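Work through the exercises below with the sequence and the model side by side. Each task is followed by a solution that goes step by step.

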Amino acid sequence: MAILAGRRAVVLTGAGVSTDSGIPDYRGPGSPARRPMTIAEFRSGPASRQRYWARSHIGWARIRDARPNGGHHALAELQAAGAVGTVITQNVDGLHSAAGSAPVIDLHGRLDTVVCLDCGRRTARSELERRLADLNPGFEDRTAAPAADAPDGDADLADTSSFVVADCRSCGGVLKPDVVFFGENVPAERVRRSYRAVDQASAMLVAGSSLAVMSGLRFVKHAAARGIPVVIVNRGATRGDRLAAVTIDAGCTPVLQDLAHALV
């Protein structure tokens with residue numbers, strides 16, 4: 001990837017960066033078809049929120065226990081060396097920050113934080129998980145092993161009808177993970193910061209994203225329109241391939257480690 005030598009790159013990452021940490025992706029080769037809950041469904045009533053939180057409660061352990069992989073560490077090394085500026089991530093697992101990357105723009109938020117839709121109070125996910133465990137003693141033992149897990153920690157459970165949902169301790173309002181659901185807009189300030197990061201870069205590296213949704217693709221389009229060369233590393237084709245100067249069909253970890261070895 002000689003095109004990145006001597007340039008300071010902005011990086012956009014997707015779920016493919018975290019697969020080597022044991023977190024599956026939505027759209028990679030062999031990924032099962034999934035339909036994540038939309039914000040409209042979540043807001044539609046108690047039954048939908050019960051289904052969401054039951055599945056998320058069981059699936060949370062995979063996200064909580066995940067650790068940064070070699071690709072995350074390689075990007076942190078590239079940042080420390082000045083070869084990478086900002087990391088913009090579509091992931092909600094917090095693994096870039098755990099690996100030491102800074103600055104990181106968590107475009108879609110993070111699962112380790114919970115927000116009240118009524119009063120706006122934010123609290124740690126660990127606090128909510130303790131409450132859910134107290135409200136639902138033995139639920140995990142009664143639950144059959146989930147058939148699959150998603151990048152957002154949503155376990156595939158058939159029966160969630162007995163699950164008790166916790167409300168906001170401050171106002172009794174509806175709690176939601178502090179992530180952008182399908183059908184929600186990315187907060188405007190995060191979008192502005194991301195565009196600024198692209199404008200300040202002399203190259204763009206996309207790692208592990210199919211760019212299937214506009215929340216990430218728009219930054220690739222912006223870079224290409226400004227004449228900033230784009231490099232895409234992903235298993236399979238992406239919606240941004242026609243805009244890229246270089247595409248690499250491969251897993252992220254070895255490519256990012258090779259890049260760090262070459263540039264650091």
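**Exercise 1.** Find which residue lies over the face of Trp-60, and decide whether Trp-60 is buried or exposed.

*Solution.* Arg-125 lies over the face of Trp-60, at 4.4 Å from the ring centre; a charge sits over a ring if NZ of Lys or CZ of Arg is within 6 Å of the ring centre and within 35 degrees of the ring normal. The model is predicted, local features need pLDDT of at least 70 and side-chain atom pairs count only at pLDDT 80 or more, whereas totals for chains, interfaces and linings use all residues. Residues are numbered from 1 along each chain as its sequence is written, and side-chain values use heavy atoms, with hydrogens and water left out. Trp-60 is found in helix α2, where helices (H or I, at least four residues) and strands (E, at least two) are DSSP runs numbered from the N terminus. With a relative accessible area of 9%, Trp-60 is buried, a word that stands for under 20% relative accessible area, with exposed over 50% and partly exposed in between (1.4 Å probe, protein chains only).

**Exercise 2.** Describe how α2 and helix α5 pack, and name the residues that meet.

*Solution.* The angle between α2 and α5 (residues 125-135) is about 110°, and their axes are 11 Å apart; axes are lines fitted to C-alpha atoms, for helices over the stretch in contact, and angles run from 0 to 180 degrees between N-to-C directions. That makes α2 roughly perpendicular to α5, since angles of 65 to 115 degrees count as roughly perpendicular, under 35 as roughly parallel, over 145 as roughly antiparallel and the rest as oblique. From α2, Trp-53, Ser-56, His-57 and Trp-60 meet Arg-125, Leu-128, Glu-129, Leu-132 and Ala-133 of α5, contact being heavy atoms within 4.5 Å.

**Exercise 3.** Work out how α3 lies relative to α9.

*Solution.* Helix α3 (residues 70-80) packs against helix α9 (residues 252-263) at an angle of about 25°, with axes 8 Å apart. At this angle α3 is roughly parallel to α9. Among the residues of α3 that take part are Gly-70, Ala-74 and Leu-78, while those of α9 include Thr-253, Leu-256 and Leu-263.

**Exercise 4.** State how many aromatic pairs there are, and classify the pair of Phe-42 and Tyr-52.

*Solution.* Rings of Phe, Tyr and Trp (its six-membered ring) pair if their centres lie within 6.5 Å; planes under 30 degrees apart count as stacked, over 60 as edge-to-face and the rest as tilted. By this rule there are six aromatic pairs. The ring centres of Phe-42 and Tyr-52 are 5.6 Å apart and the planes stand at 85°, so this pair is edge-to-face. It links distant parts of the chain, with Phe-42 in helix α1 (residues 39-43) and Tyr-52 in helix α2 (residues 46-65), ten residues apart. Phe-42 is buried at a relative accessible area of 0%, and Tyr-52 is buried at 5%. Phe-42, Tyr-52, Trp-53 and Phe-181 form one aromatic cluster.

**Exercise 5.** Say where Gln-50 is, and which residues beyond its sequence neighbours are in contact with Gln-50.

*Solution.* Gln-50 belongs to helix α2 and, at 19% relative accessibility, counts as buried. Leaving aside neighbours within four places in sequence, Gln-50 is in contact with Thr-160, Ser-161, Ser-162, Phe-163 and Val-165. Of these, Phe-163 is itself buried, with a relative accessible area of 3%.
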